[in-house]
Amino acid sequence: METTSRVGADGAPDTGTAEGVPAARLTVDGYLKAPFPWYGLDEAFTGPRWLMQVGTAADGTVQHGSTGHGDEPSVRSDAGEDRQRFAVVVTVASSPVRRSGDGTGVLDATTVSSAAWLAGSGLLAYTWPAQMDHTLRDDWLDQQTETAFELADDLDGPAWSALSLPVDGVPVAFHYRESEFGWVLAGSAHGGVHIGAYGRGMSAYGLGFSVVGDITSYA
């Protein structure tokens, strides 16, 4: 797939510190460096909002990141994961094939498939079976991650259906699929970015997306 390159999925919010700076502040600073707008659920969602992590290129340019809504997901067996309700919105900067910042290589283009891959792998990070023996976890994740990659590379395949949702108030066609772990969708916004999303316990039907006016409100 020329668009995904298996860029890493966004992890859970970090609560540590570096050089005395709160992790929340460091996280917000990463989002503020992005040259593109961030997306989240629109104002119809009134629950908790929180930041995850940004993904950067070798030269430090921010390429993607995620905003969380609802319960912060956990895979702990005692966390009542079946009752967790969350939706994560992934924003991916749209870009063509281009030279890397250090001039030593070529960076792949990003498309809707990139957003689908990040969303699919992000969902897996929080939905692996908690009762699974840890020695089997890596094999399970490798297998499921490969499947997520293949699905993201075949958005016109039978695993995906069409779902129209508003983005900044305008209907946008998304690729949508469900699994035993939750749901994943991906499409393109109007501001030069692609949107991916994944969730569990919250229906994707009826969701809406909009530009985040103040990303610090998620911190």
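The pLDDT is the predictor's confidence in each residue, on a scale from 0 to 100, and over this chain it averages 80, with 73% of the residues scoring at least 70. The structure is a predicted model, in which local features need a pLDDT of at least 70 and side-chain atom pairs count only at pLDDT 80 or more, while totals for chains, interfaces and linings use all residues. Residues are numbered from 1 along each chain as its sequence is written, and side-chain values use heavy atoms, with hydrogens and water left out.

Where pLDDT is low, the predicted coordinates should not be read in detail.

The chain holds three helices and 13 strands, taken as DSSP runs (helices H or I, at least four residues; strands E, at least two) and numbered from the N terminus. Of its 219 residues, 48% are buried, that is, under 20% relative accessible area with a 1.4 Å probe, counting protein chains only. Among contacts between residues at least 6 apart in sequence, 61% join residues at least 24 apart.

The largest nonpolar core has 56 residues, of which L185, Y198 and F209 touch the most other members; helix 2 (residues 112–127) gives this core its largest share, nine residues. Such a core is a set of buried Ala, Val, Leu, Ile, Met, Phe, Trp, Tyr and Cys residues joined through side-chain atoms within 4.5 Å.

Strand 5 (residues 62–70) includes S66, and H69 is found in strand 5 as well. S66 counts as buried because its relative accessible area is 0%, and H69 is buried because its relative accessibility is 0%. Beyond four places in sequence, H69 touches residues including F45, W50, R85 and M202.

The table gives distances for these two residues; a polar contact is a pair of N or O atoms within 3.5 Å, where within protein one must be able to donate a hydrogen and the other to accept it, and residues adjacent in sequence count only if both atoms are side-chain atoms.

| Pair | Atoms | Distance |
|---|---|---|
| S66 and V92 | C-alpha atoms | 8.9 Å |
| H69 and L41 | side-chain polar atom of H69, backbone nitrogen of L41 | 3.1 Å |
| H69 and Y218 | side chains, polar contact | 3.0 Å |

Conventions: Buried < 20%, exposed > 50% of the residue type's maximum accessible area, 1.4 Å probe, protein only. Contact = heavy atoms within 4.5 Å.
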